[in-house]
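Please keep the sequence and the structure in view while reading.

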Amino acid sequence: QKDLHYVPGHNGMVHLFEWKWGKIAEECENFLGPMGFGGVQVSPIQENVIIKNRPWWERYQPISYKWATRSGTAKEFKDMVRRCNNAGVRIYVDVVFNHMTGNHKNAKGTGGSTADTQNFNYPGVPYSGFDFHVSCPINNYQDAGNVRNCELSGLHDLDQSKEYVREKIVNFLNKIIDVGVAGYRVDAAKHMWPEDLKVIYSRVKNLNPEHNFPSGARPYVFQEVIDYGGEAISKYEYNSFGAVTEFRYGIELSNALNGKNQLKWFSNWGEAWGLLPSQDAVVFIDNHDTQRGHPEILTYKSSKKYKAMILQMAVAFMLAHPYGTARIMSSFAFDSFDANPPQDSIGNLISPTINSDKTCGNGWICEHRWRQVYNMVRFRIAANNTDVNNWWDNGQNQIAFSRGNAGFIAINGDGHDFKQHLYTSLQPGIYCDVISGNLENNVCTGKTVTVDQNGKAYIEILANEEDGVLAIHRQSKL
Ligand SMILES: O=C(NCCCOc1c(-c2ccc(O)c(O)c2)oc2cc(O)cc(O)c2c1=O)[C@@H]1CCCN1C(=O)/C=C/c1ccc(O)c(O)c1
Ligand SMILES: [Ca+2]
């Protein structure tokens with residue numbers, strides 16, 4: 001794995017999309033830290049232009065590098081990073097430096113900056129016309145030059161080959177390191193030249209040792225390169241100097257659980273499928289963009305009668321499997337592509353409320369608070385540094401595998417019952433299934449599984465059960 005600098009005993013990254021900084025700090029202290037989550041990807045922190053109806057993507061139109069967005073102030077951000085690090089949860093910032101805004105009359109930013117966007121004038125940085133590529137539309141994904149030197153949906157495209165632009169970007173990235181952040185998600189990396197990115201990353205400081213990072217630690221950089229194959233630009237142009245988002249992962253796994261792929265084929269899941277090397281890949285089922293624009297990808301809205309069941313089956317598989325760095329999308333409810341995050345009548349973000357059953361309210365889904373999800377994060381921690389062993393399948397969509405002698409998972413993707421005596425590789429004993437319940441006060445609130453002296457157990461997942469998954473591990477043993 002490229003090192004994310006997770007605190008030992010922590011794993012799994014959650015994207016708290018559009019959450020406010022103070023709320024993230026509370027979530028780190030009250031839930032993510034105690035549950036063993038490793039990190040949080042936060043929304044862009046740089047000031048963005050205000051767009052009518054506040055579509056979620058306004059935060060991907062920077063107007064300056066000031067830390068002033070609807071998620072909060074610089075002070076609140078700094079305080080959140082400190083509190084999350086203290087809770088054992090790392091912070092990764094979504095940085096947007098491929099472009100600035102599109103053309104907006106009388107542009108105003110979330111931090112009060114103005115800009116003369118038609119003339120490429122951004123006094124808040126400052127940037128002027130010299131710092132941008134000449135306007136041309138991205139209209140040919142078969143032409144790498146067009147994709148990198150032209151404007152993505154009309155957004156003014158910075159020229160990262162210019163020293164002045166590099167200096168502004170590196171300055172912005174270094175200030176983020178100073179407050180204790182562990183790394184970045186680089187937005188729209190596909191739209192920037194690899195050699196420019198390599199230079200920029202090389203000029204970023206080591207992580208701040210005051211925040212419990214080893215001295216000399218390098219920021220964890222993961223680059224958004226949307227590459228499903230078939231375009232001029234390839235994900236392999238970017239993975240030698242940073243990690244890369246592996247977009248094929250979510251599609252293939254969704255297809256398996258939507259009945260287009262067979263789960264039995266996942267016995268060699270990983271590079272053999274044309275995915276990036278495991279240590280270079282950030283993997284996810286859905287993200288803030290695909291959950292809106294790609295109906296074939298599973299999201300919390302998956303319309304199947306089990307509603308989000310097949311999403312949580314895909315997330316369970318992702319967290320049980322050692323491939324890649326797993327990221328969980330945590331969303332707000334939306335009814336249209338552009339929908340704004342929950343907000344009050346004057347445009348302030350409204351934070352999630354936490355119900356007594358630990359779920360969220362106020363229009364927030366909080367997938368990371370689903371029992372099947374947070375329990376599988378604990379599975380991933382228990383199974384850390386083990387391989388996939390002892391693969392079993394029924395020739396269609398019933399599969400099972402072990403993780404060393406630390407964990408065992410079974411998935412029923414078929415329409416009929418899963419009833420098998422299987423070797424689990426686990427020590428003999430009684431285990432709580434962490435999908436159907438928890439181990440609480442030395443009692444299993446869901447199914448129990450008895451592993452006999454030979455490491456075998458009777459595994460049952462009926463077709464009509466709410467969860468199509470059964471998972472046990474050494475921390476769920478009575
Ligand atoms: O129809 C749209 N866009 C045109 C299609 C290109 O989609 C975009 C892609 C995109 C899509 C597919 C690709 O293969 C690709 O290389 C790039 O990346 C972006 C990244 C940004 O920082 C800001 C943006 O406005 C975009 C964007 O418009 C709507 C309206 C404007 C925002 N937007 C959107 O659809 C916004 C999408 C968006 C925003 C932020 C993201 O991080 C992201 O991945 C997508
Ligand atoms: Ca560009």
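A polar contact is a pair of N or O atoms within 3.5 Å. The model is a predicted one, and every distance below is computed from its atoms.

## Surroundings of ligand 1

There are 17 residues around ligand 1, and those that come nearest are Ser153, Asp187, Lys190, His191 and Glu224. A polar side-chain atom of histidine 288 lies 3.1 Å from an oxygen atom of ligand 1, a distance that falls within the 3.5 Å limit for a polar contact. For glutamate 224, the distance between a polar side-chain atom and an oxygen atom of ligand 1 is 2.2 Å, while for histidine 191 an N or O atom of the side chain is 2.7 Å from an oxygen atom of the ligand.

Serine 153, one of the residues that come nearest to ligand 1, belongs to the loop between α3 and α4. Its phi is positive, at about 40 degrees, although serine 153 is not a glycine. With a relative accessibility of 67%, serine 153 counts as exposed, because the term applies to residues over 50%.

Asparagine 98 sits in the loop between β3 (90–95) and β4 (107–108), whereas aspartate 157 sits in the loop between α3 (144–149) and α4 (163–178), so the pair ties together parts that are 59 residues apart in sequence.

Both of these residues are shielded in the model: asparagine 98 is buried, with a relative accessible area of 0%, and aspartate 157 counts as buried at 1% relative accessibility.

## An enclosed cavity

The structure holds 1 cavity of 30 Å³ or more, and about 80 Å³ of space lies in the largest cavity. Its lining is made up of Phe284, Ile285, Asp286, Leu311, Gln312, Val315, Arg327, Ile328, Met329, Glu367, Trp370 and Val373. By class, these lining residues divide into 8 nonpolar, 1 polar and 3 charged, and among the elements that supply at least two residues each are α8 (309–320) and β10 (325–330).

## Backbone features

Which peptide bond is cis, with omega near 0 degrees? It is the bond from valine 125 to proline 126, and proline 126 is found in the loop between β5 (114–115) and α3. Aspartate 116 lies in that loop between β5 and α3 as well, where it is partly exposed, with a relative accessible area of 33%. The side chain of aspartate 116 is joined to that of asparagine 119 by a polar contact of 2.6 Å.

Glutamate 18 has a positive phi of about 70 degrees, although it is not a glycine. This residue is located in the loop between β1 (11–16) and α1 (21–35). Is glutamate 18 buried or exposed? At 2% relative accessibility, glutamate 18 counts as buried, because the limit for that term is under 20%.

## Distances in sequence and in space

Glycine 183 is part of strand β6, which covers residues 183–186, and it is buried, with a relative accessible area of 0%. Although glycine 183 and tyrosine 92 are 91 residues apart along the chain, their C-alpha atoms are separated by 4.8 Å.

Proline 219, in the loop between α5 (194–202) and β7 (220–223), counts as buried at 12% relative accessibility. Between proline 219 and glycine 415 there are 45 Å from C-alpha to C-alpha, with the two residues 196 apart in sequence. The C-alpha atoms of aspartate 116 and glutamate 440 are separated by 59 Å, and these residues are 324 apart along the chain.

How values were computed. Residues numbered from 1 in each chain as written. Chains lettered and ligands numbered in written order. Heavy atoms only, no water. Helix = DSSP H or I, 4+ residues; strand = E, 2+ residues; numbered from the N terminus. Buried < 20%, exposed > 50% of the residue type's maximum accessible area, 1.4 Å probe, protein only. 1 Å grid on protein atoms, 1.4 Å probe; cavity = no way out; pocket = protein on both sides within 12 Å on 5 of 7 lines; lining within 4 Å. Points joined across faces, edges and corners; volume = space filled by probe spheres on them. Nonpolar A, V, L, I, M, F, W, Y, C, P; charged D, E, K, R; others polar. Near = heavy atom within 4 Å. Polar contact = N/O pair within 3.5 Å; in protein donor to acceptor, adjacent residues only side chain to side chain.
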